[in-house]
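Let's take a walk through this structure together. Please have the sequence and the 3D view open, and follow along from the overall picture to single residues.

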Amino acid sequence: MTTDPSPKSPPPSQAGSDADAEADTSPICVMAFNASDPSGAGGLTGDIATIASVGGHAVAIVTGAYVRDTAQVFDHYPLDDEAVAEQARTVLEDLTVQAIKVGFVGSPENLAAIASIASDYDDVPVIAYMPDLSWWQDDLIDQYLDAFQELLLPLTSVLVGNYSTLCRWLLPDWSSDRKPSARDLAMTASELGVPYLLVTGIPAPDQHVENVLTSAQSVLGTTRFELFEATFAGAGDTLSAALTALVASGNDLGEAASEALTYLDHCLDAGFRPGMGQFLPDRMFWAQPDDDDDEDSDDEPPVDPTATDGFVMPPHDTQH
């Protein structure tokens, strides 16, 4: 498992090398289109936490709401496309966004609205993430994927997705005995207008997985990480949001992808299980106390539980 950057430091600094320029110290603005996730596993909740963790300012556009817990997605309610467009266009008239992330937005109409906005801001890179939609109805999945392919892929700078998800979507008729490579996926994506692909979760020997950044012409970078025993929710949203923020801050795509993958690895390594379902990435892993801090706390005298100093939260009871 990689150990750089240090788990005790915010992963990448966004301030830049010119410390004398005050404007450079302001967080870059990253727009994220995604659904609200009440479990905090992914969605807009994960995007905001990730973008903030790597030093950006999240410009969060709500496209709908999941009905889910940490174990599974039960349903999704999309917002009206006019509501999505008004959110984005209003804030874009006020501030400058350096990159756009598109997660799951719930309907072909919302995809059309986002594509229209991205076309109007064609100098802003778009990083699109395609999650696993197997929880959804088959007819809705087909409509969504068709609209995504027709409307948004031609405007996408980098497409991010899990290997199995992308294979089912981009290469449904693959007939060779050889499993498709990341570059095979990239060649199909290129025909649809996508110049770069970040493919995650490619099975590798010795309980490892590979992640490949590639174009149709060549593989630009490969990283290998040890496979975690736990099952995680929200990893893809975390990776794509981190990549978007790093691209927004001016990093080279190869460097941004490498840093985003290392950041995700640390998030998963520090993952936690708040409910009865899957583990979640700890997007603020670097803010956790050191083991040394825990040892120091053992030397401190125990707190008197009967002490009345400080504020005590009253019980949540209704008096009649």
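The average pLDDT of this protein is 88, and 83% of its residues score at least 70; pLDDT is the predictor's confidence in each residue, from 0 to 100. This is a predicted model, in which local features need pLDDT of at least 70 and side-chain atom pairs count only at pLDDT 80 or more, while totals for chains, interfaces and linings use all residues. Residues are numbered from 1 along each chain as its sequence is written, and side-chain values use heavy atoms, with hydrogens and water left out.

Two stretches call for some care. Across residues 1-20 the pLDDT stays under 50, and the model has 42 contacts for them beyond four places in sequence, where contact means heavy atoms within 4.5 Å. Residues 305-311 also have a pLDDT below 50, with zero contacts in the model beyond near neighbours in sequence. Where pLDDT is low, the predicted coordinates should not be read in detail.

Now for the overall build. The protein has nine helices and nine strands; these are DSSP runs, numbered from the N terminus, with helices being H or I of at least four residues and strands E of at least two. Of its 320 residues, 44% count as buried, a word that means under 20% relative accessible area, with exposed over 50% and partly exposed in between (1.4 Å probe, protein chains only). Among contacts with a separation of 6 or more, 67% join residues 24 or more positions apart.

Let's look inside. The largest nonpolar core has 52 residues, of which Met31, Phe33, Tyr144, Phe148, Leu159, Trp169 and Leu185 touch the most other members. Such a core is a set of buried Ala, Val, Leu, Ile, Met, Phe, Trp, Tyr and Cys residues joined through side-chain atoms within 4.5 Å. A second, separate core has 34 residues, including Leu239, Ala242, Ala245 and Leu264.

Trp169 also leads us to helix 5, where Tyr163, Thr165, Leu166, Cys167 and Leu170 are buried along with Trp169. Why is helix 5 (residues 163-170) largely enclosed by the rest of the structure? Because six of its eight residues are buried. The cover over these buried residues includes strand 5 (126-130), helix 4 (138-152), strand 6 (158-162), helix 6 (182-191) and strand 7 (196-204). Trp169 itself, leaving aside neighbours within four places in sequence, contacts Met130, Leu145, Phe148, Gln149, Leu153 and Leu159.

Next, compare two other residues. Asp47 sits in helix 1 (residues 43-53) and is buried, with a relative accessible area of 0%. Beyond four places in sequence, its contacts are Ala32, Asn34, Lys101, Asp237 and Ala241. Ala65, in strand 2 (residues 57-68), is partly exposed, with a relative accessible area of 28%. With neighbours within four places set aside, Ala65 touches Ala35, Ser36, Asp75, His76 and Tyr77.

Finally, find the largest pocket, with a volume of about 1200 Å³. A pocket is an open set of points on a 1 Å grid over the protein atoms alone, where a 1.4 Å probe fits, with protein on both sides within 12 Å along at least five of seven lines; lining residues have an atom within 4 Å of a point. Grid points are joined across faces, edges and corners, and the volume is the space filled by probe spheres set on them. Of the 46 lining residues, Tyr129, Phe232, Gly234, Ala235 and Gly236 are the closest to the centre of the pocket.
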